[in-house]
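This report covers selected features of one chain.

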Amino acid sequence: MDKYVVASLRPSAGKTSVIIGLAKALNRKIAYIKPLGERLLYRKKRLWDYDAALMTAIFHLDDNPEEMSIGFLHSKLRFMLDENGTREKLLELQDGVGKGKELFFAECGKDIAFGASVHLDALTLARQLDAQLIIIASGDDDAILDDLVFLKKRVNAEDVHWKGVIVNKVPNVADFRDTHLPLIRQSGIDLLGIIPYCIELSHFSVGYLADRLFAKIISGEENLSRTVKELFIGSMSAASALQNPLFREESKVVITSGDRDDMIDAALSSRAAAVILTGNTLPSPDLISKAVALSTPLLVVAAETCEVVMQIEGMEALLTGNDTEKIAMMEQLVSAHVDLRTFSQAGKEI
């Protein structure tokens, strides 16, 4: 079984998406763990990590998401486990999920140091699991180069098996190669691939917004997979909104108070992807009937409009199990821009 620890030097580098793309492109039986969970989900009185649940859904894994993590809180782990105990738990996780699999991925937290105080940082994981370390680098060009050179020069990891670096979300791959590839090679860094930035991967689905906002879905459940490209704040009059070119975009979500029947009616007539009703207020029955007839999602939330906008602006566009187009897109990007020949040796089942 080929084993990889996947880490990044900065948050939101796209580790989970790259893992999904690799697993899909390599088309081999996979195992996955997230030793230190950080994106908590609470379902049926149980806690598990969002990424673990996502991998379980996409690849139809038999393992429960809650069994893919050792824990979630540093303070609790420091109290419960010492270094030897953590290592034993890691190996138990590996043996449990890895049975009969060919590829094993252990995903780290938000950066390479995350979990160091509880023996679950990237370098420790690679050592304890005897796995190869893959670094996902992202950010502007200077940040990527700073990270890679610092990693090569300053991180003492002679006993870690380095697989290499995948640079992710690069706006102009050709320019990056021409300008920066010589320095990367001169530094002795094994570059596995450069994945271009894809704006489609940065868009939310309506269902994702509903989940993250804990919204009550009044209508349009069959269209929760719609893509959201724009947010329109419906605080002005409906007449003013109709003069705005953005309001005519069908891929928009209109955020407005639930008592603004004029704005809600205009949003439904403009074929909005969804309407978020704030203040825990429902519109008139006629408008609910219209939304049902149009199959337009109406999402009711308790927060006020300003708070909802701030919540959405702070969200990271994570993949969901229903994002079949995005998952296929990630597979295509990895297949086209990562040297899969370095992963081609079939791992033995255990």
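**Salt bridges**

D49 has a relative accessibility of 0% and so counts as buried, the cut-off for that class being under 20%. The model is a predicted one. D49 forms a salt bridge with K34, whose closest N atom is 3.3 Å from the O atom. The two residues lie in distant parts of the chain, 15 residues apart: K34 is in the loop between β2 and β3 (40–43), and D49 is in strand β4 (residues 46–49). K34 is likewise buried, because its relative accessible area is 0%. The contact also belongs to a network of salt bridges that links K34, E38, D49 and D51.

The count of salt bridges in the model comes to eight. One of them joins the side chains of R28 and D2, with an N to O distance of 2.7 Å. R28 lies in the loop between α1 (15–26) and β2 while D2 lies in strand β1, so this pair ties together parts that are 26 residues apart in sequence. Both R28 and D2 are buried.

**A helix-to-helix pair**

K290 and D265 form a salt bridge in which the closest N and O atoms are 2.6 Å apart. This pair links distant parts of the chain, with K290 in helix α11 (residues 285–294) and D265 in helix α10, 25 residues apart. K290 counts as partly exposed because its relative accessibility is 25%. D265, at 31%, also counts as partly exposed. The class of partly exposed residues runs between the limits for buried, under 20%, and exposed, over 50%.

How many of the five residues of strand β5 are buried? Strand β5 (residues 103–107) is mostly covered, with five of its five residues buried. The side chains divide between two directions: L103, F105 and E107 point one way from β5, whereas F104 and A106 point the other way.

β5 pairs with strand β1 (residues 2–8) in the parallel sense, over five bridges. Within this pairing K3 stands opposite F104 of β5. β5 also runs parallel to strand β2 (residues 30–33), and four bridges join the two. Here L103 in β5 is the bridge partner of I30.

**Charge on the surface**

A patch of negative charge on the surface is made up of D82, E83, E88, E92 and D95. One of these residues, E88, is found in helix α4 (residues 83–98). With a relative accessible area of 51%, E88 is exposed, because that class begins over 50%.

**Positive phi in two loops**

Where is D130 placed? D130 sits in the loop between α5 (122–129) and β6 (132–137). Its phi is near 50°, which is a positive value in a residue other than glycine.

R271 is not a glycine either, yet has a positive phi of about 60°. R271 is placed in the loop between α10 (261–269) and β14 (274–278). At 47% relative accessibility R271 counts as partly exposed.

Technical notes: Residues are numbered from 1 along each chain as its sequence is written. This is a predicted model: local features need pLDDT of at least 70, side-chain atom pairs count only at pLDDT 80 or more; totals for chains, interfaces and linings use all residues. Side-chain values use heavy atoms; hydrogens and water are left out. Patches are made of residues with over 30% relative accessible area and no salt bridge: like charges are joined within 9 Å, nonpolar side chains (Val, Leu, Ile, Met, Phe, Trp, Tyr) within 5 Å. Accessible areas come from the Shrake-Rupley method with a 1.4 Å probe; for residues, only the protein chains shown count as cover. A salt bridge is a side-chain nitrogen of Lys or Arg within 4 Å of a carboxyl oxygen of Asp or Glu. Lys and Arg count as positive and Asp and Glu as negative; His and the chain ends are not counted. The place of a charge is taken as NZ of Lys, CZ of Arg, CG of Asp or CD of Glu. Buried means under 20% relative accessible area, exposed over 50%, partly exposed in between (1.4 Å probe, protein chains only). Two strands pair if DSSP finds at least two bridges between them.
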